[in-house]
Amino acid sequence: MTPQMTPQTKTNSFRTFNAILWRDTFVTGRELPSFLAQVIIQPFFILFIFAKVLGDIGYVQGDFAQVLLPGIIAMNGFLGALQNTTLPLVLDFSWTREIEDRLLAPIPIPAVAVEKIVFGAIRGLLSALLMVPVGFIMLDVSWPLAGIPGALLIIVLGTLAGASVGMVIGTAVSPRRINVMFAVILTPLLFTGSAQFPWTELDNLRWFQIICALNPLTYVSEGMRAELAPGVPHIPFVICLTVLTVATVGFGLLGMRGFMKRALD
(Lines give C-alpha, C1' and ligand atoms only; values in the text may rest on other atoms or scores of the structure.)
Protein backbone atom coordinates (compact mmCIF):
# COMPACT_ATOMS: atom_id res chain seq x y z
CA MET A 1 0.00 0.00 0.00
CA THR A 2 1.34 3.43 -0.96
CA PRO A 3 1.73 5.66 2.10
CA GLN A 4 -0.26 8.86 2.15
CA MET A 5 1.62 12.11 1.81
CA THR A 6 1.81 14.14 4.98
CA PRO A 7 1.14 17.92 4.92
CA GLN A 8 4.89 18.53 5.33
CA THR A 9 5.68 16.25 2.40
CA LYS A 10 3.11 18.03 0.26
CA THR A 11 4.61 21.40 1.19
CA ASN A 12 8.12 20.21 0.32
CA SER A 13 6.90 18.79 -2.99
CA PHE A 14 5.18 22.07 -3.82
CA ARG A 15 8.36 24.02 -3.06
CA THR A 16 10.43 21.63 -5.17
CA PHE A 17 7.93 21.94 -8.03
CA ASN A 18 8.17 25.74 -7.89
CA ALA A 19 11.97 25.59 -7.74
CA ILE A 20 12.15 23.41 -10.88
CA LEU A 21 9.66 25.65 -12.69
CA TRP A 22 11.60 28.77 -11.69
CA ARG A 23 14.87 27.22 -12.88
CA ASP A 24 13.38 26.46 -16.31
CA THR A 25 11.93 29.97 -16.52
CA PHE A 26 15.29 31.48 -15.56
CA VAL A 27 17.02 29.50 -18.32
CA THR A 28 14.49 30.94 -20.79
CA GLY A 29 15.55 34.43 -19.69
CA ARG A 30 19.18 33.60 -20.41
CA GLU A 31 18.22 32.31 -23.87
CA LEU A 32 15.95 35.27 -24.62
CA PRO A 33 17.44 36.33 -28.00
CA SER A 34 17.14 32.85 -29.50
CA PHE A 35 13.69 32.43 -27.95
CA LEU A 36 12.47 35.71 -29.47
CA ALA A 37 13.82 34.75 -32.89
CA GLN A 38 12.12 31.36 -32.65
CA VAL A 39 8.66 32.68 -31.77
CA ILE A 40 8.46 35.96 -33.71
CA ILE A 41 10.02 35.51 -37.17
CA GLN A 42 7.52 33.07 -38.74
CA PRO A 43 4.29 34.71 -37.46
CA PHE A 44 5.71 38.15 -38.24
CA PHE A 45 6.09 37.27 -41.91
CA ILE A 46 2.67 35.59 -42.02
CA LEU A 47 1.11 38.81 -40.74
CA PHE A 48 3.25 40.96 -42.99
CA ILE A 49 2.51 39.06 -46.21
CA PHE A 50 -1.11 38.02 -45.71
CA ALA A 51 -2.47 41.10 -43.95
CA LYS A 52 -0.12 43.98 -44.82
CA VAL A 53 1.18 43.25 -48.32
CA LEU A 54 -1.89 41.51 -49.74
CA GLY A 55 -4.13 44.06 -48.05
CA ASP A 56 -2.25 47.04 -49.47
CA ILE A 57 -2.34 45.68 -53.02
CA GLY A 58 -6.03 44.80 -52.74
CA TYR A 59 -5.94 41.00 -52.82
CA VAL A 60 -7.67 40.66 -49.42
CA GLN A 61 -10.43 42.72 -47.84
CA GLY A 62 -9.53 45.59 -45.57
CA ASP A 63 -10.90 43.89 -42.43
CA PHE A 64 -8.87 40.70 -42.96
CA ALA A 65 -6.37 41.89 -40.35
CA GLN A 66 -9.14 41.68 -37.73
CA VAL A 67 -9.58 38.02 -38.69
CA LEU A 68 -5.90 37.14 -39.00
CA LEU A 69 -4.30 38.72 -35.93
CA PRO A 70 -6.30 36.80 -33.27
CA GLY A 71 -5.67 33.61 -35.23
CA ILE A 72 -1.92 34.20 -35.46
CA ILE A 73 -1.74 34.95 -31.73
CA ALA A 74 -3.63 31.72 -31.07
CA MET A 75 -1.37 29.78 -33.43
CA ASN A 76 1.79 31.16 -31.85
CA GLY A 77 0.59 30.30 -28.35
CA PHE A 78 -0.68 26.80 -29.10
CA LEU A 79 2.18 25.67 -31.33
CA GLY A 80 4.75 27.45 -29.17
CA ALA A 81 3.55 25.50 -26.13
CA LEU A 82 3.49 22.27 -28.14
CA GLN A 83 7.04 22.67 -29.46
CA ASN A 84 8.47 23.81 -26.13
CA THR A 85 7.05 20.72 -24.47
CA THR A 86 7.82 18.19 -27.21
CA LEU A 87 11.44 19.03 -28.01
CA PRO A 88 12.78 19.07 -24.40
CA LEU A 89 10.97 15.78 -23.72
CA VAL A 90 12.45 14.10 -26.79
CA LEU A 91 15.92 15.23 -25.70
CA ASP A 92 15.33 14.25 -22.07
CA PHE A 93 14.28 10.73 -23.06
CA SER A 94 17.09 10.28 -25.59
CA TRP A 95 20.08 8.04 -24.99
CA THR A 96 21.56 10.56 -22.54
CA ARG A 97 18.51 10.11 -20.26
CA GLU A 98 18.72 13.67 -18.93
CA ILE A 99 15.27 13.14 -17.46
CA GLU A 100 16.91 11.15 -14.67
CA ASP A 101 17.94 14.42 -12.97
CA ARG A 102 14.29 15.48 -12.74
CA LEU A 103 13.13 12.07 -11.60
CA LEU A 104 15.57 12.18 -8.68
CA ALA A 105 13.92 15.35 -7.36
CA PRO A 106 11.85 14.84 -4.17
CA ILE A 107 8.50 15.11 -5.94
CA PRO A 108 6.17 12.46 -7.40
CA ILE A 109 6.84 11.47 -11.01
CA PRO A 110 3.45 12.80 -12.22
CA ALA A 111 4.42 16.22 -10.80
CA VAL A 112 7.49 16.22 -13.06
CA ALA A 113 5.19 15.70 -16.04
CA VAL A 114 2.87 18.49 -14.85
CA GLU A 115 5.85 20.84 -14.54
CA LYS A 116 6.80 20.08 -18.14
CA ILE A 117 3.27 20.94 -19.28
CA VAL A 118 3.09 24.13 -17.20
CA PHE A 119 6.50 25.32 -18.40
CA GLY A 120 5.63 24.62 -22.03
CA ALA A 121 2.39 26.56 -21.55
CA ILE A 122 4.29 29.51 -20.04
CA ARG A 123 6.58 29.69 -23.06
CA GLY A 124 3.57 29.38 -25.34
CA LEU A 125 1.80 32.20 -23.50
CA LEU A 126 4.87 34.42 -23.88
CA SER A 127 4.96 33.55 -27.59
CA ALA A 128 1.33 34.62 -27.96
CA LEU A 129 1.65 37.84 -25.96
CA LEU A 130 4.72 38.92 -27.91
CA MET A 131 2.66 38.99 -31.10
CA VAL A 132 0.18 41.53 -29.69
CA PRO A 133 2.44 44.63 -29.93
CA VAL A 134 3.89 43.35 -33.22
CA GLY A 135 0.41 43.06 -34.70
CA PHE A 136 -0.75 46.45 -33.44
CA ILE A 137 2.36 48.19 -34.76
CA MET A 138 2.08 46.54 -38.18
CA LEU A 139 -1.70 46.50 -38.72
CA ASP A 140 -4.60 48.89 -38.29
CA VAL A 141 -6.70 46.88 -35.83
CA SER A 142 -8.72 47.58 -32.70
CA TRP A 143 -10.06 45.31 -29.97
CA PRO A 144 -12.97 45.80 -27.54
CA LEU A 145 -11.63 46.13 -24.00
CA ALA A 146 -14.47 43.96 -22.70
CA GLY A 147 -13.16 41.02 -24.71
CA ILE A 148 -9.61 41.01 -23.33
CA PRO A 149 -10.31 38.95 -20.15
CA GLY A 150 -12.08 36.26 -22.17
CA ALA A 151 -9.28 36.25 -24.74
CA LEU A 152 -6.70 35.79 -21.97
CA LEU A 153 -8.68 32.86 -20.59
CA ILE A 154 -8.82 31.26 -24.03
CA ILE A 155 -5.12 31.72 -24.72
CA VAL A 156 -4.16 30.31 -21.30
CA LEU A 157 -6.34 27.24 -21.92
CA GLY A 158 -5.02 27.05 -25.48
CA THR A 159 -1.40 26.98 -24.37
CA LEU A 160 -2.17 24.33 -21.75
CA ALA A 161 -3.90 22.27 -24.45
CA GLY A 162 -0.92 22.75 -26.78
CA ALA A 163 1.51 21.72 -24.05
CA SER A 164 -0.63 18.65 -23.27
CA VAL A 165 -0.58 17.62 -26.94
CA GLY A 166 3.18 18.20 -26.86
CA MET A 167 3.46 15.86 -23.88
CA VAL A 168 1.70 13.12 -25.85
CA ILE A 169 3.95 13.60 -28.89
CA GLY A 170 7.14 14.03 -26.86
CA THR A 171 6.65 10.74 -25.03
CA ALA A 172 5.63 8.84 -28.15
CA VAL A 173 8.26 9.94 -30.70
CA SER A 174 11.85 8.75 -30.65
CA PRO A 175 14.72 11.25 -31.19
CA ARG A 176 15.50 9.69 -34.59
CA ARG A 177 12.01 10.54 -35.88
CA ILE A 178 11.65 14.05 -34.51
CA ASN A 179 12.22 15.70 -37.92
CA VAL A 180 9.59 13.48 -39.52
CA MET A 181 7.22 14.31 -36.68
CA PHE A 182 7.37 18.02 -37.39
CA ALA A 183 6.68 17.46 -41.07
CA VAL A 184 3.84 14.99 -40.53
CA ILE A 185 2.16 16.50 -37.45
CA LEU A 186 3.13 20.15 -37.01
CA THR A 187 2.47 21.34 -40.57
CA PRO A 188 -1.10 19.95 -40.72
CA LEU A 189 -1.82 21.43 -37.28
CA LEU A 190 -0.59 24.80 -38.56
CA PHE A 191 -2.88 24.89 -41.59
CA THR A 192 -6.01 23.21 -40.16
CA GLY A 193 -6.26 25.33 -37.02
CA SER A 194 -8.40 28.10 -38.55
CA ALA A 195 -5.72 30.66 -37.73
CA GLN A 196 -5.88 32.20 -41.21
CA PHE A 197 -9.64 31.96 -41.79
CA PRO A 198 -12.93 31.76 -39.85
CA TRP A 199 -14.03 28.15 -39.36
CA THR A 200 -17.72 28.95 -39.83
CA GLU A 201 -17.06 30.19 -43.38
CA LEU A 202 -16.01 26.72 -44.55
CA ASP A 203 -19.57 25.50 -45.19
CA ASN A 204 -18.83 24.97 -48.88
CA LEU A 205 -15.78 22.87 -47.97
CA ARG A 206 -17.49 20.55 -45.50
CA TRP A 207 -14.77 17.88 -45.58
CA PHE A 208 -12.11 20.45 -44.72
CA GLN A 209 -14.35 21.99 -42.06
CA ILE A 210 -14.64 18.59 -40.38
CA ILE A 211 -10.86 18.15 -40.42
CA CYS A 212 -10.37 21.61 -38.88
CA ALA A 213 -12.95 20.79 -36.19
CA LEU A 214 -10.69 17.94 -35.01
CA ASN A 215 -7.78 20.35 -34.40
CA PRO A 216 -7.75 21.93 -30.90
CA LEU A 217 -6.05 25.00 -32.37
CA THR A 218 -9.30 25.79 -34.20
CA TYR A 219 -11.02 26.47 -30.89
CA VAL A 220 -8.21 28.73 -29.70
CA SER A 221 -8.41 30.76 -32.92
CA GLU A 222 -12.20 30.93 -32.89
CA GLY A 223 -12.35 31.72 -29.18
CA MET A 224 -9.94 34.60 -29.67
CA ARG A 225 -12.06 35.95 -32.53
CA ALA A 226 -15.23 35.60 -30.47
CA GLU A 227 -13.78 37.99 -27.89
CA LEU A 228 -11.54 40.28 -29.95
CA ALA A 229 -13.41 40.41 -33.30
CA PRO A 230 -17.05 39.70 -32.39
CA GLY A 231 -18.24 41.04 -35.75
CA VAL A 232 -16.49 38.18 -37.55
CA PRO A 233 -18.44 34.88 -37.81
CA HIS A 234 -17.09 32.50 -35.15
CA ILE A 235 -17.75 29.44 -33.03
CA PRO A 236 -19.51 30.48 -29.77
CA PHE A 237 -17.11 31.29 -26.94
CA VAL A 238 -18.66 28.74 -24.54
CA ILE A 239 -18.13 25.90 -27.03
CA CYS A 240 -14.47 26.91 -27.51
CA LEU A 241 -13.97 27.06 -23.74
CA THR A 242 -15.54 23.64 -23.24
CA VAL A 243 -13.61 21.92 -26.03
CA LEU A 244 -10.28 23.36 -24.85
CA THR A 245 -10.94 22.29 -21.27
CA VAL A 246 -11.74 18.73 -22.39
CA ALA A 247 -8.70 18.70 -24.71
CA THR A 248 -6.38 19.92 -21.95
CA VAL A 249 -7.58 17.28 -19.48
CA GLY A 250 -7.76 14.47 -22.04
CA PHE A 251 -4.40 15.03 -23.71
CA GLY A 252 -2.83 15.88 -20.35
CA LEU A 253 -3.84 12.55 -18.81
CA LEU A 254 -2.77 10.68 -21.95
CA GLY A 255 0.56 12.49 -22.00
CA MET A 256 1.20 11.84 -18.30
CA ARG A 257 0.47 8.16 -18.87
CA GLY A 258 3.09 8.10 -21.63
CA PHE A 259 5.51 10.04 -19.43
CA MET A 260 5.13 7.54 -16.58
CA LYS A 261 5.71 4.66 -18.96
CA ARG A 262 8.87 6.19 -20.43
CA ALA A 263 10.16 7.31 -17.02
CA LEU A 264 9.83 3.84 -15.51
CA ASP A 265 11.39 1.98 -18.45
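This is a predicted model: local features need pLDDT of at least 70, side-chain atom pairs count only at pLDDT 80 or more; totals for chains, interfaces and linings use all residues.
**View 1**
The chain holds 10 helices and zero strands. Helices (H or I, at least four residues) and strands (E, at least two) are DSSP runs, numbered from the N terminus. Of the 265 residues, 50% count as buried. Buried means under 20% relative accessible area, exposed means over 50%, and partly exposed lies in between (1.4 Å probe, protein chains only). Contact means heavy atoms within 4.5 Å. Among contacts in the chain with a separation of 6 or more, 81% join residues 24 or more positions apart.

**View 2. Helix 2 packs against helix 3.**
The axes of helix 2 (residues 32-56) and helix 3 (residues 64-92) come within 10 Å and cross at roughly 160°. Axes are lines fitted to C-alpha atoms, for helices over the stretch in contact, and angles run from 0 to 180 degrees between N-to-C directions. From helix 2, the contact uses Gln38, Val39, Pro43, Ile46, Leu47, Phe50 and Ala51. Helix 3 brings Phe64, Ala65, Leu68, Leu69, Ile72, Met75, Asn76 and Asn84. These residues divide into 12 nonpolar, three polar and no charged. Ala, Val, Leu, Ile, Met, Phe, Trp, Tyr, Cys and Pro count as nonpolar, Asp, Glu, Lys and Arg as charged, and the others, Gly among them, as polar.

**View 3. The largest nonpolar core has 53 residues.**
A nonpolar core is a set of buried Ala, Val, Leu, Ile, Met, Phe, Trp, Tyr and Cys residues joined through side-chain atoms within 4.5 Å. Leu47, Ile73, Met75, Phe78, Val220 and Met224 touch the most other members. Helices that each supply at least two residues include helix 5 (109-138), helix 6 (148-172) and helix 10 (237-264). Helix 3 gives the largest share, 13 residues. Another core, of 18 residues, lies apart from this one; among its members are Ile20, Ala81, Phe259 and Ala263.

**View 4. Methionine 75 and its contacts.**
Residues up to four places away in sequence are not counted here. Methionine 75 touches Pro43, Ile46, Gly80, Leu190, Ala195, Gln196 and Leu217.

**View 5. Leucine 21 on helix 1.**
Leucine 21 is found in helix 1 (residues 7-30). Its relative accessibility is 14%, so leucine 21 counts as buried. Leaving aside neighbours within four places in sequence, leucine 21 is in contact with Glu115, Val118, Phe119 and Ile122. Leucine 21 and isoleucine 122 are 101 residues apart in sequence, yet 9.9 Å apart in space, C-alpha to C-alpha.

**View 6. Arginine 123 on helix 5.**
Arginine 123 counts as buried because its relative accessibility is 10%. Beyond its neighbours within four places in sequence, arginine 123 is in contact with Thr28, Glu31, Phe35, Gln38 and Asn84.

Terms used
Residues are numbered from 1 along each chain as its sequence is written. Side-chain values use heavy atoms; hydrogens and water are left out.
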